[in-house]
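Let's take a walk through a protein chain together. Have the sequence and the 3D view ready, and follow along piece by piece.

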Amino acid sequence: MRVIKQNTGAYSTLYDSLKGSKRDESSFGSLRALNLRQEKARKDREDFSDDSRSNKYFDIISDCEAKLHSANSIEGLVSILSKSIDSLVQNEESGIFLFDDFNIQLNSLTKSTSEKSNTFLNNIFKEEILDWIFETGKPALIPDIEKYTGSGSRFNYYILPIYENKKNKGLLYILTPLSKIEDDSNETKTIKLLLNLIFPKILIHLQRKSLKSLYSDLQSYQSKLNNDSKLMAIGELTSGIIENILSPLQIIISYADMIGETANSHDLRAVNSIKGQVKKIEGVISRLAKFSSLNNQPEKLFACNINELTSNFCEVIKSSLNNKNYELIVDLDETLPPILTHPDFFNQILSNTFSLLRPKSPVGGGILVQSRFSKEHVHLRIISTDFNKKLSSVNDNSNESEIRILKNLVKKHEGTLKFDSKQSAGTSILFKLPLKRKLRK
């Protein structure tokens, strides 16, 4: 007998039906009975499993999006991302690193990042291992060499590049024991979606932070200009003042030469002494004129002799220090190589430094200015016998306008600034300026 059905859409194929067949032990032959109920239950479990996996990824993204509204800091945003990644991939830690302003170092957005990850990621960046990841734009799994054994690496760094306006911005890292993660897996796709959801909000916080810093710098410079308004006025009148000084000095020299022609040996020594003192005054004035000269041309960086600039500046301030009974000792390394800078920038560093160390009372003391070269860096150290509360390690000096200006000037040179002040040891300021500068577009 044959039964013909007009609609067979709800029936499975013979092949699929055979997957659920089982042996009927009561049967004497080799025929098998089909268990259609078992097959239908298996299909329902597979469909349910697929739906639950899809719901899992959707729930993670939805939960992350809901938490973003309550996050009010970069630390909070990165923490939300890390917790979402924990639900997707087995890992030890995760986080985001961004390039600094000069693209020479990676900096973590959070303080919770381990020193090991910080060192590892910066090392592979310096060794140009990250370059091919940013060129391909695809995530990569890099083994942790420190945890490498005969059977392979215990942990691997899963790295996803981050871009902003087609420029390399940073990376997302995940330290995981997994040895393989497919680029087209649902986990990777979900992580990318989470990153695209959170990173724009991180950029907004960074821009706000940068804007706040710019306003703070602006107020610092305005405060500095208002406090130094008298010095600015003197600087603008320097050329006229110098002319008024040099003219009488020239007359003194002329009359001294005339007196010297008819003077005896005793008077001649006095005339020569007068001429020597006038030469010293001319030297100081010429250095002052060079230091305060106005240059309206665009400032271009070039190789400058730091010893010469420092020596000239010390000669300018030497007389004011002597008036307050302060001794100025200059110890400059004669083999010091030139660095890439502009005289105006470096003079500003010296001017702001001595403004911080300016003696407050005529009690007396000393200042040492020392230059050295070590490990491709020029070291300029300035030590004062006075205690400076602003530069004390126990004092919060982040809001001091003079210190903020000094840090910005050193940052222009891609250098570092360290300072400390103690009652028992005085004040020490160290500038480390690199001999090699990073090439930037």
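## Starting at valine 330

Valine 330 is partly exposed, with a relative accessible area of 38%. On this scale, buried means under 20% relative accessible area, exposed means over 50%, and partly exposed is in between, using a 1.4 Å probe and protein chains only. Valine 330 sits in strand 11. Helices (H or I, at least four residues) and strands (E, at least two) are DSSP runs, numbered from the N terminus.

What does valine 330 touch, once its neighbours within four places in sequence are left aside? Valine 330 is in contact with Cys314 and Val369, where contact means heavy atoms within 4.5 Å. There's also a pairing across the sequence to look at: valine 330 and isoleucine 367 are 37 residues apart along the chain, yet their C-alpha atoms are 8.5 Å apart in space.

## What kind of model this is

This is a predicted model, so local features need pLDDT of at least 70 and side-chain atom pairs count only at pLDDT 80 or more, while totals for chains, interfaces and linings use all residues. Residues are numbered from 1 along each chain as its sequence is written, and side-chain values use heavy atoms, with hydrogens and water left out.

## The chain as a whole

The chain has 12 helices and 16 strands. Of its 441 residues, 34% are buried. The chain exposes about 28500 Å², and carbon and sulfur atoms supply 52% of that; the areas come from the Shrake-Rupley method with a 1.4 Å probe, and for residues only the protein chains shown count as cover. Take the contacts with a separation of 6 or more: residues 24 or more positions apart account for 63% of them.

An open sheet is built from 5 strands in the order 11-13-14-16-15, with mixed pairing. Two strands pair if DSSP finds at least two bridges between them. At the edges stand strand 11 (326-332) and strand 15 (416-422), each pairing on one side only. On average, neighbouring strands here are turned by 10 degrees against each other, direction ignored.

Strand 11 and strand 13 run parallel over 7 bridges, and aspartate 331 has glutamine 370 in strand 13 as its bridge partner. Strand 13 and strand 14 are antiparallel over 8 bridges, with leucine 368 partnered by isoleucine 383 in strand 14. These two strands form a hairpin with 2 residues between them, and lysine 375 in the turn has a positive phi of about 50 degrees. At the other end, strand 15 and strand 16 (residues 426-434) pair antiparallel over 7 bridges, and aspartate 420 stands opposite serine 428 in strand 16.

Helix 10 (residues 306-323) lies across strand 11, strand 13 (365-374) and strand 14 (377-384), at about 170 degrees to strand 11. For such angles, axes are lines fitted to C-alpha atoms, for helices over the stretch in contact, and angles run from 0 to 180 degrees between N-to-C directions.

Another open sheet has 5 strands in the order 4-3-9-8-5, and its pairing is antiparallel. Strand 4 (106-108) and strand 5 (140-143) are at the edges with a single partner strand each, so one side of each has no neighbour in the sheet. The twist averages 30 degrees from one strand to the next.

Strand 3 (residues 93-99) and strand 9 are joined by 6 bridges and run antiparallel; leucine 98 has glycine 170 in strand 9 as its bridge partner. Helix 3 (residues 74-86) packs on the sheet, touching strand 3 and strand 9, and its direction makes about 135 degrees with that of strand 3. Helix 5 lies across strand 3, strand 4, strand 5, strand 8 and strand 9, running at about 55 degrees to strand 8.

## Two loop residues with positive phi

Glutamate 128, in the loop between helix 4 (115-126) and helix 5 (129-136), has phi near 65 degrees. Glutamate 128 is exposed, at 55% relative accessible area. Asparagine 165 is in the loop between strand 8 (156-164) and strand 9, with phi near 55 degrees. Asparagine 165 is exposed too, at 69%.
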